[in-house]
Amino acid sequence: MEKQKIASFTGVRSIMIMVIVVSHFEFLEQVESFGRFYTTYLHNATFAVDFFFLLSGFGMMLGNLGRINDKDLKFPKISESLSYGINHVKKIYPVYLATILFGLFAQTAYAVYSEKFSFGFICKEVIKLVVNLPILQSATGMMTFTHAFNGVTWFLSALFCIYLVSPFLMYCLRKISKSLQVDFLLLLIEFVAILVLAYLFGAVELKLQNIHGIEHLSVNNLVYGSPYRRVFYVLSGMTLSNMYSKLRLKEISVSKSLFTVLEITISMLVVIYFFMRNSLPNTHFYYKYLIDIFLCSCFMFIFAFDSGCISKFLEKNKMQELGNLSMYIFLIHYPIRIYFGWFFEKYFEQTLLNCFIFIVFILISTFILSYVAASFSKPKNIRMSKL
């Protein structure tokens, strides 16, 4: 594969990460003149999160295709899969660790302040820390662990769990993937799995969430955050990468003007759907997952070719720079928003002006810390598919 870096994806990451950041400004819901607008139109990170899972699969498969020829493809050993997973998180792990330790410190300080500090509190925090240190909390499907210290680390945890089996998944897909028709069928199967598991896991969550005596250990994050379902988003990204690679090898000539039309069209559809999603009826809401994954897949596949006018905008240095910081921003912004938010919501009136000031504080501190973290790790190219 002659092309390993897709600049438009890096630029898109800069937009998607800001969508996620904005979706975490829930304190805006308390603003009388703005709360309903925020809840209806802006509080929605689903598409952006789905995009990052798809992108991880796309990037892993693209790299695999570039490194290993079909004739050299071998069934991966367990040790190789373990190394693969560790190598994908080792650069971001120090930042991850810093955020959960900051969360532990903040929660302990708050427990002391609110006179809730006790031996039981210490035991619970130690158990949560033990589960979070190896980045395995998403495998529990329990928010008690996935949101213990930094509520967004469930994403990295789910990806890490998937990374551990990704060499095997890529091997199987490449063995099966013999034509575009087969890839398309695989993509449909993956979409069906996403919907079926959402329904089944939703039923499990509903059944187990209020069992007397284990409320704090309720299995309540299987649908949204568990690797058992999210693996099919990553698989979809891998399949899209296979389809993209086959088309690139065919060297089909397509005009840049056509890609411009496609990019503008899919972008408009995504933006319209983004603002409409929360207004759509929740009866049989699983249909939203189908729209999410279909639109996200189309969006990714079109921008993979990096050829339209929007792609050229996404290639600008500022967009690339922000995109390269996306994982740092993702991990760092949430503890700042939550733990400083405790004091903001307690001591300040929830006016639009005060909320705006707090947002500026979150953004400035997040970007500064992200730049500092990036300068220490000095990665050549940070990708969401290589966390």
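## How α3 meets α14

In this predicted model, helix α3 (residues 46–67) and helix α14 (residues 286–304) have axes that come within 10 Å and cross at roughly 50°. That angle makes α3 oblique to α14, and the crossing is right-handed.

Who makes the contact? On the α3 side, you'll find Thr46, Phe47, Asp50, Phe51, Leu54, Leu55 and Phe58. From α14 come Asp292, Ile293, Leu295, Cys296, Ser297, Phe299, Met300 and Ala304. Sort the contact of α3 with α14 by class and you get 11 nonpolar residues, plus two polar and two charged ones.

## The buried side of α2

Next up is helix α2, which spans residues 35–42 and has Gly35, Tyr38 and Leu42 as its buried residues. These residues sit on the same side of α2 because they cover an arc of only 90° around the axis.

So what do the buried residues of α2 pack against? Two other helices: α1 (7–23) and α13 (256–276).

## Zooming in on Ser157

Ser157 belongs to helix α8, which runs over residues 153–163. Is Ser157 buried or exposed? Its relative accessible area is 0%, under the 20% cut-off, so Ser157 counts as buried.

Leaving aside residues up to four places away in sequence, Ser157 touches Ile135, Leu136, Gln137 and Ser138. There's also Asn132 to look at: it lies 25 residues from Ser157 along the chain, with 8.4 Å between the two C-alpha atoms.

Technical notes. Residues numbered from 1 in each chain as written. Predicted model: local features only at pLDDT ≥ 70, side-chain atom pairs only at ≥ 80, totals over all residues. Heavy atoms only, no water. Buried < 20%, exposed > 50% of the residue type's maximum accessible area, 1.4 Å probe, protein only. Helix = DSSP H or I, 4+ residues; strand = E, 2+ residues; numbered from the N terminus. Arc of directions from axis to C-beta. Contact = heavy atoms within 4.5 Å. Axes fitted to C-alpha atoms, helices over the stretch in contact; angles between N-to-C directions. Parallel < 35°, antiparallel > 145°, perpendicular 65-115°, else oblique. Left-handed = near helix turned anticlockwise from the far one by under 90°. Nonpolar A, V, L, I, M, F, W, Y, C, P; charged D, E, K, R; others polar.
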